[in-house]
Amino acid sequence: MYNYKMALTPEEVEILEGRHGEVLGKIMKTIVMYGDTFGASKLVPISSEYGHLVTSFGLSIMKPVYKLMDEIIDAGLLSKQKFTVDPRPLDFENVPSNFLQRTVFKIMYGKQEDYEAQLKKIGLLSDNGFTCTCYLDEVGNTPKMGDILSWAESSAVVYANSVLGARCNRNSGIIEMFGSILGKVPYFGLLTDEGRKANWVIEVRTSHLPEAQILGSAIGMKVMDDVPYIKGLTQHLGNELNKHVKDYLKDMGAATASNGAVGLYHIEDLTPEAKELGTKLIVDNPKIYVIDDKELNRVKESYPIMWKDINAKPKLCFIGCPHLSLEQMIQWTKEIKEALKAYNNHKVLIPTVMTASVSVIEEFKKYPEAKDLLNMGVNISYICPLMYMNNPLCGKMPVMTNSNKLRTYTTARYYTDSEIIEAITKGGSN
Amino acid sequence: MKEFKGRVVVPGTAKAPALVSRDGFNTLASFQKSLMFNDKNATCSDQNNRDLYKKKMAGKALCLPQTIGSTTGGLVLYCASAMKVAPACLLFSKQIDSLAAAGAILSDVWTDSKLPTIDSLGEEFLEYVKDDMIIEILEDGVVIVSDM
């Protein structure tokens, strides 16, 4: 048997010894080894109502994962909590693709149906439960302050930790599913008070509210997997955690997590733990990073352009990685409409896809802006833009995006929100 | 020849030529194409990794600071191990990150292909080791690096 280091209860030891079944024993061994690696003192119960899995895609290359899922299903093991999952990789109806691209997609994601059937057997919450923004009201997987989670999606983990005050480590796929099956996770890192202390102070000294995606990128690239405490942002953002501010933090956080490996940030006078504990959250002698207009410009200019022809006209624009909120969908619609009017155009000049969860899209369709958006030629999809760009054929296309996460993991090129608006309504920008 | 001592994350022994990534190793980006096209050499497909791009990773002693990128990283390493295209071992100069640890542990518990892993080898290790130097790792976390 594995020679564990953390303190385990008699029942946990029984499980580890395989006395509750071989497969459950292997799951326990994986989680205990994982915790021991990071000095976990014990296992603690997950307290959130729902889990969330990062692996949403039935990529043909992941055969070992499907075999492992079958082992779990055959052993009769279910997740102790229902879970949502990251966005689906395919949406032929709403995302432009040619015959060849569709053929490649069908081969690449040939296991999608089988994999979704496996997810249902283990504990998928619902057919609509595919989104990276599971924490939005419309989706309903919103952890409470202090909840212990077993999640892996990096943008969701950093949001849950920072904005909601829940507690979750930056786990890998499969590990988070094992945690949900056991109902327990190892107690280390961001689950502990000590691990949530900031070892960086970020001083925001910009002349205006920074672009969320660039600010997050700058912070992520600087602090990597450390915890930053951000000062000076509330002078532009205010100190009320309203929907607009939460959307800003959603996008900023996703960039910190993908351009670096941030799992938690605190914002002075704004995020829940910073409001409660203030500068007590900062360790002695923290590292300092000053961000001004010049620094943000430097960071933006440092992004490599992965297009073959940097002067190419964009063939597609993705808005919504992470998925958009309802308020963002409405706001983007209004801004596109105004800009089209200003430039005397009626439809967007670059094929544009706005992405959101099925639940948000269904709610959005109740608003007049939904018709406006479709009339302007913008598509709405529940797809994961990252998965779309993983198709080698799509990866060669000049795709523009306002997502720093999409830019980081694919060949998509980053533009600010206002640059996107101008490019898709006025045309000719690259 | 030089010896380094690190912490054993996943025990095991291995002897293999070194493959060195000075920057963070993006697991998904590195393995994506090779897993997709069943490339037995596991040729690195991460265009952003100037040290490893287009180099063969299967069977090498992969020396790196930490892994970076998508939180699918652990399951990608697990898939590489299960499909017998993983490196012979993982050697980290820094403390291992949670994604790589997951991948190494999943490989150990759920596959026949072990992926011995040692971390905390120090900056000096990454400064000393070069591609194709022969690396031998022992059960107790000792890493012996021999010149070509």
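**Contacts between and within the chains**

In this predicted model, 26 residues of chain A are in contact with 25 residues of chain B; contact means that the C-beta atoms of two residues, placed from the backbone, lie within 7 Å. On the chain B side, helices H1 (27-36), H2 (73-82) and H3 (98-110) each give two or more residues. Helices are DSSP runs of H or I, at least four residues long, numbered from the N terminus. H3(B) gives the most, with 9 residues. By class, this side of chain B has 17 nonpolar, 7 polar and 1 charged. Ala, Val, Leu, Ile, Met, Phe, Trp, Tyr, Cys and Pro count as nonpolar, Asp, Glu, Lys and Arg as charged, and the others, Gly among them, as polar.

Residues are numbered from 1 along each chain as its sequence is written, and chains are lettered from A and ligands numbered from 1 in the order in which they are written. Local features need pLDDT of at least 70, and side-chain atom pairs count only at pLDDT 80 or more, while totals for chains, interfaces and linings use all residues.

Now look inside chain A. In chain A, 25 residues of domain 1 touch 24 residues of domain 3. Helix H4 (residues 99-108) of chain A gives the most to the domain 1 side, with 5 residues. That side of domain 1 holds 14 nonpolar, 7 polar and 4 charged residues.
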